[in-house]
Amino acid sequence: MTEALPIIDVGAFLEKRAGAAAAAREIEKACREFGFFYAICHGVGGETVHALKEASARFFALPETSKMKIAIARGGRAWRGYFPVGEELTSGVPDLKEGLYFGQDLDASDPRVIAGWPLHGANLFPKDMPELAVAVRTFLAEAERAAHAIMAGIALSLGLDADYFHSRYTSRPTLLFRIFHYPPSAANDARWGVGEHTDYGLLTLLAQDDAGGLQVNTAHGWLEVPPIPETLVCNIGDMLDRLTGGYYRSTPHRVRNTSGRERYSFPFFFDPAFDAEIEPLPARASLTKDDSASRWDKTNVHGFSGSYGDYLLGKVAKVFPDLARDVRISS
């Protein structure tokens, strides 16, 4: 039998209907075995994703000079906007993709913006493409609602109250959203669209088009994660690994677009509050150990001290080292 990620109905958490306990058990099994699963009945509308794909394709078809009008360097400390192919790095190697960075849209009166927190602020949108702004804002709202619901399911899967993460870490979450465009990769091109990595926070929700190319590292090797209509691909990040003492592991994944056509993907990162201190759950603290030898980056996620913002900034600075030098990242 071919190995495949499980498909889990998360509607019970979103709609607070019957079936939550059974779905939580499925989540536990998926997080233990893969760190990934497909979600259905997640509440992100098909029309929302379609509008986002259409607007994104129009943006990336623009001339480079037009796209650079909202270059990420213009976003300042908020780190919002566009980057060209090759400017984002994974493990020091340029990725074969271009993209747009978004997040929670905060105006100048927000206390986090007043305090000068990096990665917090206003989004940048092209002035002549209002449909992109509408599509992004709609997706962000629906994805945040889905993420809160799925985190309730993850809490139940760990034997916690459904509101455990919301009450402690995500009542004011760090929300980051990316739109990535992967040009077709030639068969003899050794470059990755994005190289092997794990995500930094709690939970990632991924909407993708039908081109494929996502791969997940499992106990049996690299597993293809083909697109399934009307699903979101969900995976856990380093902070959930840390919270659970490694009971749930953040799983390395990578992308190569060999479809012969353009690929678009839409990862939404649902992370703890920027100033949250992340410590292992009391029931899982005894599991904590230095697992750096088995991690892709040889770092010990359990040995870190400080806030989630400290951890995140250290990671993001490696993705855009030139920008990090220009934008002082200490909070």
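## A buried pair

Lys97 and Glu88 are both buried. Their side chains meet in a salt bridge, with 2.7 Å from N to O. Side chains of opposite charge can pair when their charged atoms come close.

This is a predicted model. The structure holds 19 salt bridges, and the pair of Lys97 and Glu88 is one of the salt bridges described here.

## Arg249 and its two partners

Arg249 forms a salt bridge with Asp241, and the closest N and O atoms of the two are 3.6 Å apart. Arg249 also meets Asp291 in a salt bridge, at 3.5 Å from N to O. The pair of Asp291 and Arg249 links distant parts of the chain, 42 residues apart. Asp291 lies in the loop between strand S14 (263-271) and helix H9 (308-319). Arg249 lies in the loop between helix H8 (238-243) and strand S13 (253-255).

Which of these residues are buried, and which are partly exposed? Asp241 has 0% relative accessibility, so Asp241 counts as buried. Asp291 has a relative accessible area of 8%; because buried means under 20%, Asp291 is buried as well. Arg249 has a relative accessible area of 33%, and is therefore partly exposed.

## The network

Which residues are linked with Arg249 in a network of salt bridges? The network holds Asp238, Asp241, Arg249, Asp291, Arg295, Asp297 and Lys315. Both partners of Arg249 described above, Asp241 and Asp291, are in this network.

Terms used. Residues numbered from 1 in each chain as written. Predicted model: local features only at pLDDT ≥ 70, side-chain atom pairs only at ≥ 80, totals over all residues. Heavy atoms only, no water. Salt bridge = Lys/Arg side-chain N within 4 Å of Asp/Glu carboxyl O. Buried < 20%, exposed > 50% of the residue type's maximum accessible area, 1.4 Å probe, protein only. Helix = DSSP H or I, 4+ residues; strand = E, 2+ residues; numbered from the N terminus.
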